[in-house]
Structures are given as C-alpha cells and as structure tokens.
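Q: Can you walk me through this one? I have not looked at it before.
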Amino acid sequence: MSETISETIQDRALRVIATKQGLPLDRVRPESTFEELGIDSLDRLNILFELEGEFDIQIDDEQAKQVTTLRQMIDGITKLVHAKAESSPAQ
Amino acid sequence: MRVVVTGMGVVCAAGQDQQEFWSFLKEGRSAIGGLSLVDANLLKFKKAAEVSGYDAAARFAPKELAFLDRFAQFALISAAEAVTQAGVEWTEEVRERGAIITGTSLGGRRAEEDGYWELFHHKRTRVHPLTIPLSMSNAGASHISIQYGMQGPAYTVSTACSSSAHAIGQAFWMVRSGMAPMAIAGGSEAPMFLGGLKAWEAMRVVSNDTCRPFSADRSGLVLGEGSAILVLETLEGALARGARPLAEIVGFGMTSDASHLTQPSFEGAERAMRKAVLDSGLAPEQFGYINAHGTATLANDRTETAAIRAAFGAHANRLAISSTKSMHGHALGAAGAIEAVASILSLRHGVLPPTANYTSPDSECDLDVIPNAARTLEVEACLSNSFAFGGLNAVLAFRKMP
C-alpha cells in the first residue's frame with residue numbers, strides 16, 4: 001500500500017519536474033542530478049513551487065536547501081505527504 | 001564624436017517589425033481596436049492598441065517564456081531586429097564596453113498582479129517564485145545583456161512616458177563621450193492588465209472613442225504596448241566596419257517642469273526642445289518635422305502646441321507636426337523609442353506620417369499637424385518629443401544621413 005503511494009508520488013513529482021524543465025519524461029529519473037537536467041537555482045525555486053501546489057504541501061526553506069538530488073527531493077515530498085495524510089482526519 | 005543609428009527594431013500594435021510599422025505609418029492606418037487582453041466588461045473604456053496576433057510561443061521556447069514577462073519579450077524581439085539590421089560585430093570591446101539602457105514605466109507589473117491576484121483574490125498563501133525576476137523593471141536590459149553577452153554598463157530608466165526617450169538620450173551621450181563604443185537603447189511596455197488599466201481609468205484620461213491628437217473632438221489617450229530598440233554607435237566606427245547608418249542622432253534635451261505632477265507646463269517642454277536643438281548644433285530652421293508627444297488629452301495637446309510655438313517662434317508655422325500615437329497608441333515607457341523609430345523612418349523615406357483620426361481643427365492646436373494623410377516631404381532634421389507625468393521631459397533630435 002505504502003509502496004504504491006510512494007511510487008505514485010514519485011511519478012507525479014517527476015512529471016512536474018519534466019514539465020517545468022521542458023524535458024521528455026523518460027529523461028527525468030530519481031537518480032538524475034540537478035546538473036544533468038540543467039536545473040539551476042531559479043529552476044529549483046520554480047519546481048519547489050509547483051511541487052507544493054501539486055501535493056498541497058509546504059516545503060520548508062531549510063529542508064529545501066538540504067536537497068541536492070532528485071531522490072532526496074522525492075523522499076522529502078513523500079514524507080510531507082504522509083505526514084499530511086496522518087494529521088488530517090479520515091474521510 | 002558623431003553618433004549614428006545603425007539598427008532599429010520595433011514591435012507594437014502598428015506592426016511587429018520595421019517594415020510593417022512603416023506601412024501603417026505611411027498609410028495613416030490606426031491600429032487602435034477593441035481591448036481584448038483584459039475583460040473589457042470590467043472597464044469603462046474598451047479601446048486599446050494591442051499587439052494583435054502576437055504569438056509568444058512562436059517567438060520563444062516554453063522554458064524561455066517562463067522567465068519572460070510580456071514587456072521583456074517585446075524588448076528581446078525588438079533588440080534582435082535592431083542587432084540584426086546593424087550587423088553588430090561582437091568584438092571584445094563591444095561586449096565589454098557596449099552599453100544597454102532600456103526604459104519602461106511599469107516593467108513586469110503584470111507578473112506582479114498575477115501573484116497578488118492569487119494572494120488577495122484566491123486567498124492563496126504564496127506567490128510564484130519568479131514574480132520578482134519577472135516583474136523587475138530591468139528585466140528587459142538584463143535579458144538583452146544575457147542574450148548578447150554584453151558585460152558593460154546596463155540599466156533601466158523609469159520616467160513614465162519619457163522612459164525610453166531618456167534611455168536613448170543617455171545612451172547617445174555615452175557613445176558621444178567615448179564612454180561606450182556602441183549602445184543598445186530603447187524601451188518596452190506591456191500595460192494590459194486589470195489593475196493597471198483600472199488605475200488609468202481612474203485618471204479619466206483614456207478615450208473610449210479613439211486617439212485623435214490635436215483634433216477638436218479628441219477625448220483622451222488610448223493605451224498601447226510594445227517595444228522599440230535602437231543600436232547606436234559612432235559614425236566613424238560604423239563606417240569603418242562598413243555598416244550603413246540609418247540616421248544621425250544629433251541632440252538630446254531633458255528638463256523637469258518642477259511644477260505639477262500631472263498638469264504639464266509649456267515652459268518645461270519648451271526648454272527641453274530648446275536644449276535638444278542647442279545640443280544638436282543645428283539652427284532651429286534646419287528642423288522640418290516634430291514627432292509630437294501628442295497624447296490627445298486636452299492638457300497635452302494645447303500645452304505642446306504652445307511649447308512648440310515658444311521654442312521655434314515664427315519657424316513653428318513652417319514645421320510639420322504629427323502624433324503617431326493616433327496609430328500605435330500610447331505605449332507609455334516604450335513610446336519615446338517607438339516614436340524615435342517613426343522619426344528615423346520619416347527622415348529616411350522622405351515621407352512624414354500623419355496624425356490619424358483627425359476630424360476638426362482646434363484653434364488652440366493651430367500648427368500644421370499633417371491630418372490623416374502622410375506627406376511626401378524631405379526634411380533635414382526632426383525632433384521627437386516625450387513628456388511624462390511627473391513633469392519630466394525628454395526630446396531627441398535626429399538628422400537625415402546625406
């Protein structure tokens with residue numbers, strides 16, 4: 001169950017990044033580095049903004065600064081999404 | 001040092017390049033139409049001079065567009081046309097010492113409005129992270145600098161409706177003084193967003209008819225948008241590299257009314273014209289045409305007429321004057337640059353563009369305003385007037401190349 005959710009989160013996150021960067025989806029992998037994808041500091045701000053909207057989460061400035069790879073970004077988002085699911089009452 | 005214009009680019013309601021722009025001007029064809037970029041139901045005025053048929057996606061890649069407000073897009077488009085026409089040689093000196101000066105009144109305030117709209121209207125808690133780089137007024141200058149790798153002086157002037165005339169004048173003086181071997185100068189504006197148009201509506205100076213400068217039945221200005229950019233360099237440098245000068249820029253005059261925020265004074269405008277003529281080293285009688293500020297507000301048109309009479313005396317009756325805003329609208333911070341291009345094209349073609357939409361004479365605007373039809377007339381030199389809210393005046397003087 002949890003595995004399925006995190007896969008979905010990963011797919012969604014990668015899609016957001018690919019769209020924002022104007023890259024084909026198959027080029028954007030969890031193990032890609034920002035450098036490989038030509039993601040600079042301004043692009044990162046853009047991507048963080050889109051990811052916050054996509055998942056309805058808030059990514060802390062300090063947390064965001066720690067992130068250096070896509071894998072870390074996806075892991076961070078997954079944690080935030082799970083935390084949100086746990087804190088909100090079941091529908 | 002003599003300074004010449006070797007390249008020009010323009011994008012406005014009346015044409016998306018120099019050629020199309022000139023065909024509008026010489027045919028006296030007004031590009032003013034219905035407002036479409038903003039829901040006209042929300043505004044009292046319904047007319048605008050929009051760059052219709054403009055397709056940003058055809059001009060820029062999606063990734064580029066994300067970083068460009070409409071005003072910066074226009075700046076890059078007209079800069080590209082100007083640089084291409086000038087055939088700029090990208091020497092190390094040009095890249096290191098060449099200047100970029102852009103003018104804009106509002107900059108990317110549209111991008112700012114988008115962000116604030118989410119905040120205030122949709123009660124969102126965050127604003128898009130590119131809001132600052134999109135909206136900063138220097139975005140046009142910065143993008144041009146990045147595009148061409150120009151690493152010298154680059155900045156932006158914001159003096160409302162005189163912005164780009166100030167920018168070109170400043171660039172002219174920089175090249176003339178030897179401070180910069182060449183300069184890319186002009187301005188851009190994209191004022192079609194709800195908050196901005198509402199602010200203009202509240203000023204009660206926008207026409208719901210059309211722009212009829214100097215005409216007795218005028219009813220105010222019509223807002224326009226777009227950009228124009230010039231490439232300036234020394235005559236010597238241009239000839240040495242085999243470039244073809246389009247016109248000489250001979251004078252620049254700037255003054256402040258120091259009187260009222262929005263009510264223009266004829267003395268301020270008169271002094272700016274006198275200074276431009278003096279700076280040019282030409283006699284007033286050598287000037288045959290003035291591209292007027294001519295906004296079609298009562299205050300401007302009568303004050304400008306009085307100022308021209310005061311500056312030129314009896315010669316005012318022999319001057320031909322027109323307001324091309326009747327065709328391309330009032331593009332605010334881009335107006336001075338768009339009208340500088342109109343002025344240079346007029347000198348080059350020996351055809352003076354008309355004041356379009358003119359119906360009946362106003363006894364207090366009794367100069368020869370070239371009503372409705374262009375006039376074939378070779379003139380040696382011309383002025384291009386820009387007078388801003390805040391009382392800041394900038395006048396450029398151009399001379400035909402022999």
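A: α12(B) is mostly covered, with 11 of its 15 residues buried (20 or more other C-beta atoms within 10 Å of a residue's own, C-beta atoms being placed from the backbone). Helices here are DSSP runs of H or I, at least four residues, numbered from the N terminus. This is a predicted model: local features need pLDDT of at least 70, side-chain atom pairs count only at pLDDT 80 or more, and totals for chains, interfaces and linings use all residues. Residues are numbered from 1 along each chain as its sequence is written, and chains are lettered from A and ligands numbered from 1 in the order in which they are written.

Q: Which residues of α12(B) are buried?
A: Among them are G268(B), E270(B), R271(B), M273(B) and D279(B).

Q: And what covers the buried residues?
A: The cover includes β8 (247–256), β9 (287–291), α13 (298–312), β13 (381–388) and β14 (392–399) of chain B. Strands are DSSP runs of E, at least two residues.

Q: What comes just after α12(B)?
A: G281(B), which takes a positive phi of about 75 degrees.

Q: Zooming out, how many helices and strands does chain B have?
A: Chain B has 15 helices and 14 strands.

Q: How much of chain B is buried?
A: Of its 402 residues, 59% count as buried.

Q: What box do the C-alpha atoms of chain B fill?
A: Roughly 65 × 55 × 40 Å, taken along the principal axes.

Note on methods
Buried ≥ 20, exposed ≤ 12 C-beta atoms within 10 Å, placed from the backbone. Contact = placed C-beta atoms within 7 Å.
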